Amino acid sequence: GGGGGGGQEVAAGGYGSLPVVELHILIQNTGTFGGGGLEVLGQPLAVDASTRRRGEIMDEITWDPRLRRRAVRCDGSPLPSAGERGAGTGDDDVLFRLGLFESAVLVAYVHARGCATASKFRRRANSAQLSVRVEGGTTVP
């Protein structure tokens with residue numbers, strides 16, 4: 001897990017920096033699951049960095065409000081949240097909804113433990129799993 005305070009504590013009582021990667025994940029509703037709406041759930045994102053010898057997960061940063069995940073349209077404009085779009089399910093766990101053939105970019109920040117550069121993160125990151133719910137209540141990873 002993500003930790004509590006903001007930065008790494010250093011011996012003098014100050015704070016140091018953490019390696020953080022900003023991920024942009026393109027999500028498209030192509031209608032594969034029956035042509036209905038698609039709900040992206042608000043669970044924390046985790047990037048799998050496992051090797052054959054050890055399992056490792058790089059967690060999304062959830063404890064710093066400056067690095068809060070957000071959803072934007074492909075042109076960079078803000079995407080209304082699920083509640084603002086009036087979808088009406090009352091489900092607090094839904095981050096945003098996409099209608100048929102709509103697209104959005106999910107921007108999330110990951111604590112890239114052991115990755116001093118973006119290229120090292122790309123070498124180590126195997127996959128990131130995100131759950132979505134299709135119209136009708138089926139949750140798909």
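Two strands count as paired when DSSP finds at least two bridges between them. The legends below describe close-up views of a predicted model.

**View 1. An open sheet of three strands in the order S4-S3-S8.**
The pairing in this sheet is antiparallel. Strand S4 (57–59) and strand S8 (127–129) are the edge strands. Each of these two has a single partner strand, so one of its sides has no neighbour in the sheet. On average, neighbouring strands here are turned by 30° against each other, direction ignored. Strand S3, residues 46–48, is joined to S4 by three bridges in the antiparallel sense. Within this pair, Val 47 lies opposite Met 58 of S4. Strands of a sheet are held in pairs by backbone hydrogen bonds, and the pairing is either parallel or antiparallel.

**View 2. An open sheet of three strands in the order S1-S7-S5.**
Antiparallel pairing is found in this sheet too. The edges are formed by S1 and strand S5 (70–72). Both have a single partner strand, so one side of each is left without a neighbour in the sheet. From one strand to the next, the twist averages 25°. S5 and S7 run antiparallel and are joined by three bridges. Arg 70 has Val 107 in S7 as its bridge partner.

**View 3. His 111 in strand S7.**
Strand S7 covers residues 103–111, and His 111 belongs to it. Is His 111 buried or exposed? Its relative accessible area is 16%, and because buried means under 20%, His 111 is buried. Apart from neighbours within four places in sequence, His 111 is in contact with Leu 18, Pro 19, Met 58, Asp 59 and Ile 61. One of these contacts, Met 58, is the residue in S4 that stands opposite Val 47.

**View 4. Strand S2 and its two partners, S6 and S9.**
S2 runs antiparallel to strand S6 (residues 94–98), and four bridges join them. S2 also runs antiparallel to strand S9 (residues 132–134), here with three bridges. Which residues stand opposite Leu 38? In S6 the residue is Leu 98, and in S9 it is Val 134. In a regular strand, side chains alternate between the two faces of the sheet. In S2, Leu 38 and Val 40 point one way, while Glu 39 and Leu 41 point the other way. All four of these residues are buried.

Leaving out neighbours within four places in sequence, Gly 36 is in contact with Asn 29 and Glu 135. The C-alpha atoms of Gly 36 and Leu 98 are 9.1 Å apart, although 62 residues separate the two in sequence. Leu 98 is also the residue in S6 opposite Leu 38.

How accessible is Cys 74, and is it buried or exposed? With a relative accessible area of 53%, Cys 74 is exposed, because the cut-off for exposed is over 50%. Cys 115, at 5% relative accessibility, counts as buried.

Methods. Residues numbered from 1 in each chain as written. Predicted model: local features only at pLDDT ≥ 70, side-chain atom pairs only at ≥ 80, totals over all residues. Heavy atoms only, no water. Contact = heavy atoms within 4.5 Å. Buried < 20%, exposed > 50% of the residue type's maximum accessible area, 1.4 Å probe, protein only. Axes fitted to C-alpha atoms, helices over the stretch in contact; angles between N-to-C directions.
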